Amino acid sequence: MSIFEVRAELANLKNIAVIGCSGAIGKALVEVLISRFPDARIYGFSRAASLHSLEDKTDKYQEARIDYDDEESIAKCADLAAHTGPLDLVIVATGILHQGEITPEKSLRELSAEKMMALYQANCITPSLLAKHFIPQLNKQSTSGFAALSARVGSISDNGLGGWYAYRASKAALNMVIKNAGIETARRNKSAIIVGLHPGTVDSDLSKPFQANVPAGKLFCPLDSANYLLDTLLTLTPNQTGKCFAWDGQEIAP
Ligand SMILES: NC(=O)c1ccc[n+]([C@@H]2O[C@H](COP(=O)([O-])OP(=O)(O)OC[C@H]3O[C@@H](n4cnc5c(N)ncnc54)[C@H](OP(=O)(O)O)[C@@H]3O)[C@@H](O)[C@H]2O)c1
């Protein structure tokens with residue numbers, strides 16, 4: 001039995017941070033965490049704080065503004081979230097597929113440096129900087145987790161359709177950062193679980209332009225996805241660190 005297997009699962013959640021709490025899945029994650037862990041202190045971070053009134057529902061929830069383009073802001077938010085104690089769970093719910101003029105490429109002809117850089121920035125660089133500042137704040141005494149929302153389409157071996165160059169590549173790069181961070185973190189914090197999560201296809205601004213192609217019954221509402229993601233997280237142990245899991249608990253091959 002490895003040293004990891006004797007540790008308890010991720011269940012004792014006292015301090016939680018959700019980054020990207022204005023997004024459909026981020027907001028649903030906050031709601032689900034508040035209802036499933038009413039005694040936990042939960043911090044929500046978003047580019048525009050206080051977008052919704054969850055703070056009214058519980059004094060255990062606090063929202064603060066974060067600027068993903070300013071590492072100082074990211075570092076301050078990590079310190080704020082951990083100021084009463086180490087973090088038991090951090091979920092990064094940020095990411096883009098399209099934004100303004102940027103739309104996913106069907107062909108190499110549509111690829112551009114501008115699109116590639118925007119998607120790498122949002123889907124890989126931002127979560128990497130969040131990992132840099134939030135992972136050191138994870139609890140070392142009991143099982144703790146850092147999860148970033150990735151996507152099944154970031155799996156190279158699962159890619160049978162092609163297209164969406166910048167999105168797929170940026171999520172594959174994110175998965176590599178998660179793998180690396182998992183290896184490094186295991187040396188210092190044997191209680192930590194660092195994973196990527198695929199939320200399923202979820203009704204949100206991100207998926208809206210592509211929902212016509214989704215088979216009936218396969219489009220989750222954000223709250224269902226958030227509950228599935230939390231169920232998945234709660235089954236994981238530190239020896240699964242560095243991997244990517246889908247909403248149904250299945251591991252996604254790299
Ligand atoms: N919806 C799906 O079907 C689906 C499927 C697979 C994977 N995912 C992944 O799930 C995550 C959340 O998606 P969602 O469906 O909840 O999308 P959403 O409702 O559009 O929310 C987008 C999120 O990304 C953040 N964001 C927006 N622009 C950004 C930028 N330029 N740089 C960094 N962050 C930015 C927002 O953060 P603020 O709160 O700070 O505004 C918000 O939390 C993404 O990583 C996405 O790739 C979604």
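Modeller: In this predicted model, the count comes to six aromatic pairs, where rings of Phe, Tyr and Trp (its six-membered ring) pair if their centres lie within 6.5 Å, and planes under 30 degrees apart count as stacked, over 60 as edge-to-face and the rest as tilted. One of these joins phenylalanine 45 to phenylalanine 134 in an edge-to-face arrangement, 6.0 Å centre to centre and with 65° between the planes. Because phenylalanine 45 belongs to strand β2 (residues 41-46) and phenylalanine 134 to helix α4, the pair ties together parts that are 89 residues apart in sequence. Helices (H or I, at least four residues) and strands (E, at least two) are DSSP runs, numbered from the N terminus.

Residues are numbered from 1 along each chain as its sequence is written, and side-chain values use heavy atoms, with hydrogens and water left out. As the model is predicted, local features need pLDDT of at least 70 and side-chain atom pairs count only at pLDDT 80 or more, while totals for chains, interfaces and linings use all residues.

Phenylalanine 45 counts as buried, at 0% relative accessibility; phenylalanine 134, at 0%, counts as buried too. (Buried means under 20% relative accessible area, exposed over 50%, partly exposed in between, with a 1.4 Å probe and protein chains only.) Tyrosine 228 and tryptophan 247 form a tilted pair, with 5.1 Å centre to centre and 45° between the planes. Tyrosine 228 lies in helix α6 (residues 222-235) and tryptophan 247 in the loop between β9 (244-246) and β10 (251-252), so this pair ties together parts that are 19 residues apart in sequence. Tyrosine 228 is partly exposed, at 31% relative accessibility, and tryptophan 247 is partly exposed as well, at 26%. Trp164, Tyr167 and Phe210 make up one aromatic cluster.

The strands named above belong to an open, mixed sheet of eight strands in the order β3-β2-β1-β4-β5-β6-β9-β10, two strands being paired if DSSP finds at least two bridges between them. Its edge strands, β3 (61-65) and β10, each pair on one side only. Between β9 and β10 the pairing is antiparallel, over two bridges, and phenylalanine 245 has glutamate 251 in β10 as its bridge partner.

Strand β4 (residues 89-92) is covered on both faces, with Leu89 and Ile91 buried on one side and Val90 and Val92 buried on the other. Four bridges pair β4 in the parallel sense with strand β1 (residues 15-19), where isoleucine 19 has valine 92 of β4 as its bridge partner. Four bridges also join β4 to strand β5 (residues 144-149), again in parallel, and valine 90 stands opposite phenylalanine 146 in β5. From β4 the chain passes through helix α4 (residues 113-134) to β5 in a right-handed β-α-β crossover; right-handed means that, with the strands pointing away from the viewer, the path from the first strand over the helix to the second runs clockwise.
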